[in-house]
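Please look over the model below before reading on.

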Amino acid sequence: MPAEEGFATKAIHTGQDPLQWSHWEVVPPIVTSTTYRQDAPGVTRGYEYGRSGNPTRYVLETCLASLENGKYALTFASGLGATTVVTTLLSAGDHIISGDDIYGGTNRFFQKCLCRQSNTITFVDMSDISNVISNIKSNTKMVWLETPTNPLLKVIDIQGVVQAVKQKNPEIIIVVDNTFLTSYFQKPLNFGADIVLYSVTKYINGHSDVIMGATITNRKDLWKRLAFLQNAMGIIPSPVDCFLVNRSIKTLEIRMRQHMENGLAVARFLESHSCVDKVFHPYLPSHPQHEIALKQASGHSGMVSFYLKGDSNKFLKALKIFTLAESLGGYESLAELPSVMTHASVPEEDRKKLGISDQLIRLSVGLETKEDLLADLDQALKASQ
Ligand SMILES: Cc1ncc(COP(=O)(O)O)c(C=O)c1O
């Protein structure tokens, strides 16, 4: 046996020992019971009430933690549910520094909800670490980053940010939204991040049929506080959804490999196309942080963004295999216009500054036959002229 089990072995076996179930089920059962009989008042066999704990959820959380090389995982009703719980770690008046190019929903959440909690937020371009450091204040309690960013796929040096921030104040909690790459390609905890956060809805589930979020940490203190909030705020996923995600992660490795292959083929194709202005993909040598991407991640998912030379609406309408829809990370290819869809909530002025124009298209390249995807893009690019 190798010193450490491989990713796919862990995905298939960790937390799945059939001996823990009454009929030695090879596939962990969906336990729907909301309550559990007790041997005597207060004497339980591990579970007492379905919001506080559920065996199907526990199987998934155990497996997710192992895939991240982390100690403690928790799952939530959505990625934003996980975000809500993580930001509840803050107290009134605390300051948070966030990447300026993050998921639109998180951005909106930070702008609206945290203000109500009387927290202040500073959005900065984290591809330059000095922007993070120069904005740290005495009340800064959290640094929030997404890498690669959404939708421009800028790569942030996780270890660089962690070292610089912790040197200034080791108490600051560093959260990395790893939704775009998953632990198969990138493990932020290995670089010293405190919490890894996921919209499980995306690549981890990968089948566009479950909304879920997750956090993973090595810190027992944070896990305890997050677990308390998961239960107290009631932001839990259903046992059926936990079963579906647990089934999905059995194929996470092979799906991510194929997303990488298809996504990179699309990026190279677009880069060579006369109807395209500029392509963003961290594994293209033209990407500004290509070297950092190679250093901190072992690959990239199916996310590709590009500036179109033609008419975006005509392009999106002409697509036949790519579906015009929000979200990402499923087996099916999707295309969207961030300026009026996922990032419409970002103020127009900020969108302009960030480069989220009406020419910017974001693709989530799925698992269809590569040649079919390239042919679909080619005909739609021509139709956009
Ligand atoms: C990077 C990222 N983080 C968080 C979220 C929020 O997750 P959810 O939609 O599961 O609430 C999303 C959703 O699109 C996302 O793309």
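**A buried threonine and the ligand site**

The side chains of T149 and D101 are joined by a polar contact of 2.5 Å, where a polar contact is a pair of N or O atoms within 3.5 Å and, within protein, one must be able to donate a hydrogen and the other to accept it, residues adjacent in sequence counting only if both atoms are side-chain atoms. T149 belongs to the loop between β4 (140-146) and α6 (158-168), the helices (H or I, at least four residues) and strands (E, at least two) being DSSP runs numbered from the N terminus. With a relative accessibility of 4%, T149 counts as buried, a term that means under 20% relative accessible area (1.4 Å probe, protein chains only).

This is a predicted model, in which local features need pLDDT of at least 70 and side-chain atom pairs count only at pLDDT 80 or more, while totals for chains, interfaces and linings use all residues. Residues are numbered from 1 along each chain as its sequence is written, and side-chain values use heavy atoms, with hydrogens and water left out.

Which residues surround the ligand? Among them are S78, G79, L80, Y103, E146, N150 and D177, together with T201 and K202, each with a heavy atom within 4 Å of the ligand. An N or O atom in the side chain of K202 lies 2.5 Å from an oxygen atom of the ligand, and for the side chain of T201 the corresponding distance is 2.7 Å, whereas G79 places a backbone N or O atom 2.9 Å from a ligand oxygen. Of the 390 Å² of accessible area that the ligand has on its own, the protein covers 91%, as computed by the Shrake-Rupley method with a 1.4 Å probe.

Terms used:
Buried means under 20% relative accessible area, exposed over 50%, partly exposed in between (1.4 Å probe, protein chains only).
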